[in-house]
Amino acid sequence: MRFGVIVFPGSNCDQDVYYALKEVLGQPVDYLWYAETRVDGYDCLILPGGFSYGDYLRPGALAGLSPIMTAVKEFALRGGIVLGICNGFQILLEAGLLPGAMLRNRCLQFRCQDVYLRVENNRTPFTGRFARGQVLRMPIAHNEGNYYVDPATLERLKEKNQIVFRYCTREGKITPEANPNGSVDNIAGIINEEGNILGLMPHPERCVEELLGGTDGREFLASLLDWWAVQGLRRSSNSC
Amino acid sequence: MSEFYLVRVHVTLKKGVMDPQGEAVKQGLLTLGYQGVKEVRVGKYLEVALEAPDEEEARRQVEEMCRRLLANPVLEDFSVDIHAAQRHQEEHENTSAYSI
């Protein structure tokens with residue numbers, strides 16, 4: 001499965017994502033500069049974390065207008081797999097590829113810590129290795145991760161099973177105390193209705209080896225490979 | 001003939017959207033002894049200098065800018081005040097060349 005990691009001015013998790021895909025999962029991966037206008041030949045595009053454009057105006061707002069984003073949108077509309085992590089999630093929201101927006105953390109602190117996540121939907125290309133209700137541990141590091149949607153859109157997200165991860169306790173309980181940033185409904189990650197674009201605030205690429213303190217991020221990324229092994233075969237048989 | 005306009009844009013959080021910064025600033029004001037303070041909402045102020053054929057077109061463009069970039073319609077409302085402006089020679093680099 002061929003991955004493209006998009007590098008915006010101010011991205012700072014691009015090398016971690018690259019390392020996780022290439023060294024840990026052994027997949028072909030390239031960096032794609034934000035000024036590029038083509039994303040041909042890739043099976044999955046990843047928008048990594050960081051502070052694109054210095055978070056000017058709003059996090060992700062200016063990166064969402066980058067030249068490459070036109071190609072990313074076309075790729076996504078054709079059903080291509082797109083993953084936004086942290087600032088990458090903020091960019092997907094600002095670009096209108098996912099619903100909602102980010103507010104400053106309710107606590108007004110930059111939160112850099114491990115969190116527990118409950119898998120709410122395991123029927124996505126990103127979560128096939130998990131059970132529904134399984135509790136994962138991943139690091140977060142952000143100032144604007146307080147996810148907001150209006151009540152009507154929230155209902156729609158629930159109805160369409162688009163909430164993929166929620167902040168929880170170690171035991172998997174959804175409580176206000178387990179919510180590090182004030183997100184509506186403890187939401188940590190969502191997927192679009194079609195099921196090919198996912199955004200999450202936690203950093204899977206920072207937990208891909210025991211040395212890093214955990215491997216839940218590796219299983220998250222490896223789920224994509226499982227999905228691709230089936231879906232890729234289906235695609236090639238369709239084209240015959 | 002084109003004219004210059006200086007447009008003052010205020011971007012504010014929609015009613016009902018939590019404002020953690022505003023809440024913290026309110027607590028600060030209460031600490032300073034301003035016991036009458038009931039609510040503080042933090043927003044953004046932008047100045048856009050632009051050239052347009054007339055005020056109506058300037059307004060149309062800036063309102064569109066607000067919807068497309070300057071404000072996030074999920075969270076924020078905006079208001080614009082348009083003023084005819086003059087362009088003048090800037091004395092220093094990085095100093096605005098437009099004034100009302």
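1. A residue is called buried here if 20 or more other C-beta atoms lie within 10 Å of its own, exposed if 12 or fewer, and partly exposed in between, with the C-beta atoms placed from the backbone. By that rule, buried residues make up 50% of the 240 residues in chain A.

2. This is a predicted model, in which local features need pLDDT of at least 70 and side-chain atom pairs count only at pLDDT 80 or more, whereas totals for chains, interfaces and linings use all residues. Residues are numbered from 1 along each chain as its sequence is written, and chains are lettered from A and ligands numbered from 1 in the order in which they are written.

3. On overall form, the radius of gyration of chain A is 16 Å, which agrees with the value near 18 Å that a compact globule of 240 residues would have; the radius is taken over C-alpha atoms, and the globule rule is 2.2 Å times the number of residues to the power 0.38. The C-alpha trace of chain A spans about 50 × 40 × 40 Å along its principal axes.

4. Chain A has five helices and eleven strands, these being DSSP runs numbered from the N terminus (helices H or I, at least four residues; strands E, at least two). Nine strands of chain A form an open sheet with mixed pairing, in the order β2-β1-β3-β4-β11-β10-β9-β6-β7, where two strands pair if DSSP finds at least two bridges between them. Because β2 (29-33) and β7 (135-142) of chain A stand at the edges with a single partner strand each, one side of each is left without a neighbour in the sheet.

5. Within the sheet, β3(A) and β4(A) run parallel and are joined by four bridges, and Ile46(A) has Leu83(A) in β4(A) as its bridge partner.

6. Helix α3 (residues 87-94) of chain A is mostly covered, eight of its eight residues being buried, among them Phe89(A), Ile91(A) and Leu92(A). Its buried residues pack against β3 (44-47), β4 (81-85), β5 (101-103) and β11 (197-200) of chain A, contact meaning that the C-beta atoms of two residues, placed from the backbone, lie within 7 Å. After α3(A) comes Gly96(A), whose phi is positive, near 80°.

7. In helix α1 (residues 14-24) of chain A, the buried residues are Asp14(A), Asp16(A), Val17(A), Ala20(A) and Leu21(A). Gly26(A), with a positive phi near 70°, follows α1(A).

8. As for the partner chain, eleven residues of chain A are in contact with nine residues of chain B.
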